[in-house]
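Hi,

Here is the structure I said I would pass on to you. Have it open while you read, and my notes on what turned up in it follow below.

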Amino acid sequence: DFDDLPRLYREAFVKNIKKGVELARLDRQLLNFDLERLSFSLKPERDLWFQYLGVQTLYDRYFIQDLNTKMILETPQAFWMRVAIGLALGEKDSREEWAERFYEVMSTLRFVPSTPTLFHSGTPKPQLSSCYLNTVQDSLEDIFKTFADNAQLSKWSGGIGTDWTNIRGTGALIRGTGVESQG
């Protein structure tokens, strides 16, 4: 019933946040927010701002789902609000107000955070960084430690930039082995 869509949308938002927490897909701290209040900030008509490919991308890559049933627990506006609530978790005062502000900026597409923020905000592992930078020291141990560190970092969706300038150049003597470096 399209006449009842705003009420149904709000109810689904609250129900699905609770379901996401129950499934351990969302952070339990989300339940500390006044979800009913936040549901009244949702603007379902903004879902119509997306064309097919935009909605499909959100559906395929960003929306939280029940991993057992594959049921999607978010709509575009619920998604923006989940991200907004996750961003407001660290606020000391007026967290609902901050969530509403963040939602307003994102749902009007005036600012869209990077992919790691969209993936992880409001989840039990709220890693929001989009880039990791590191420097490799000139030792075999550090080179392989950096590879291992980069493998761990890559699972959180951020980009990785590695500075290799400390590695000796081709032909430089390796004192430990007495042979020349391959660079």
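Start with Phe 33: leaving aside neighbours within four places in sequence, it is in contact with Leu 38, Ile 85, Ala 88, Leu 89, Arg 95, Glu 96 and Ala 99. Bear in mind that this is a predicted model.

Phe 33 also turns up in the largest nonpolar core, which has 31 residues. Along with Phe 13, Phe 79, Met 81 and Ile 85, Phe 33 is among those with the most contacts inside that core. H4 gives the most, with eight residues. As background, nonpolar side chains tend to be buried together in soluble globular proteins.

Next, have a look at how H4 (residues 76-88) sits against H5 (residues 95-107). Their axes come within 8 Å and cross at roughly 135°. The crossing of H4 and H5 is right-handed. On the H4 side, the contact is made by Gln 77, Trp 80, Met 81, Val 83, Ala 84, Ile 85, Leu 87 and Ala 88. H5 brings Arg 95, Trp 98, Ala 99, Phe 102, Tyr 103, Met 106 and Ser 107. Sorted by class, that contact has 12 nonpolar, two polar and one charged residues.

You'll find Ser 41 in the loop between helix H2 (35-39) and helix H3 (52-62). Is Ser 41 buried or exposed? Its relative accessible area is 15%, and the cut-off for buried is under 20%, so Ser 41 counts as buried. Not counting residues up to four places away in sequence, Ser 41 touches Met 81, Glu 100 and Tyr 103.

Then there's Pro 6, which lies in helix H1. Pro 6 is partly exposed, with a relative accessible area of 41%. Pro 6 and Lys 43 are 37 residues apart along the chain, and their C-alpha atoms are separated by 8.2 Å.

Last stop: Ile 160, in strand S2 (residues 159-163). At 34% relative accessibility, Ile 160 counts as partly exposed. Leu 133 is 27 residues from Ile 160 in sequence, yet 5.9 Å away in space, C-alpha to C-alpha. Leaving out residues up to four places away in sequence, Ile 160 touches Tyr 132, Asn 134, Asn 150, Leu 153 and Ser 154.

Cheers

Definitions and conventions
Residues numbered from 1 in each chain as written. Predicted model: local features only at pLDDT ≥ 70, side-chain atom pairs only at ≥ 80, totals over all residues. Heavy atoms only, no water. Axes fitted to C-alpha atoms, helices over the stretch in contact; angles between N-to-C directions. Helix = DSSP H or I, 4+ residues; strand = E, 2+ residues; numbered from the N terminus. Left-handed = near helix turned anticlockwise from the far one by under 90°. Contact = heavy atoms within 4.5 Å. Nonpolar A, V, L, I, M, F, W, Y, C, P; charged D, E, K, R; others polar. Buried < 20%, exposed > 50% of the residue type's maximum accessible area, 1.4 Å probe, protein only. Core = buried A, V, L, I, M, F, W, Y, C linked by side-chain atoms within 4.5 Å.
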